[in-house]
Amino acid sequence: FYMSKHITPWGKRCKVQMVMLDKSLADISKETGYTRPYISSVINGRQIASAEAYKKISEVLQVDTGLLV
């Protein structure tokens, strides 16, 4: 279940939002219940997540899930 190692528009937006909102992987982990390595892998496009995981991460970082398409 691994994707190619290029970052998606959604992943890029997540990274921008992490800086804008001053959120670390630890912060996102606390808010979503997912581990830091898992969140990192999903944002960086190394792992495909469930729709629920994308939704939770998107909500925490205020990113439009439409960027996933």
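This report looks at three residues, Asp22, Gln62 and Thr32, in a predicted model.

## Two positive phi angles

Asp22 is not a glycine, yet its phi is positive, at about 55°. The residue sits in a loop. Helix α1 (9–20) lies on one side of that loop, and helix α2 (25–32) on the other. Is Asp22 buried or exposed? Its relative accessibility is 67%, so Asp22 counts as exposed, the cut-off being over 50%.

Gln62 also has a positive phi, near 55°. Gln62 is likewise a residue other than glycine. Its place is the segment after α4 (51–61). Gln62 counts as exposed because its relative accessibility is 57%.

Thr32 belongs to helix α2. Its relative accessible area is 7%. Thr32 is therefore buried, since that term applies under 20%.

Which backbone atoms does the side chain of Thr32 reach? One is the backbone oxygen of Ile28, at 2.8 Å. Another is the backbone nitrogen of Tyr34, at 3.2 Å.

Set aside the neighbours of Thr32 within four places in sequence. Which residues are then in contact with Thr32? They are Ile39, Lys56, Ile57 and Val60. Of these, Lys56, Ile57 and Val60 fall within the range of α4 (51–61).

## In brief

Asp22 and Gln62 pair a positive phi with an exposed position. Thr32 is buried, and its side chain reaches backbone atoms of Ile28 and Tyr34.

How values were computed. Residues numbered from 1 in each chain as written. Predicted model: local features only at pLDDT ≥ 70, side-chain atom pairs only at ≥ 80, totals over all residues. Heavy atoms only, no water. Helix = DSSP H or I, 4+ residues; strand = E, 2+ residues; numbered from the N terminus. Buried < 20%, exposed > 50% of the residue type's maximum accessible area, 1.4 Å probe, protein only. Polar contact = N/O pair within 3.5 Å; in protein donor to acceptor, adjacent residues only side chain to side chain. Contact = heavy atoms within 4.5 Å.
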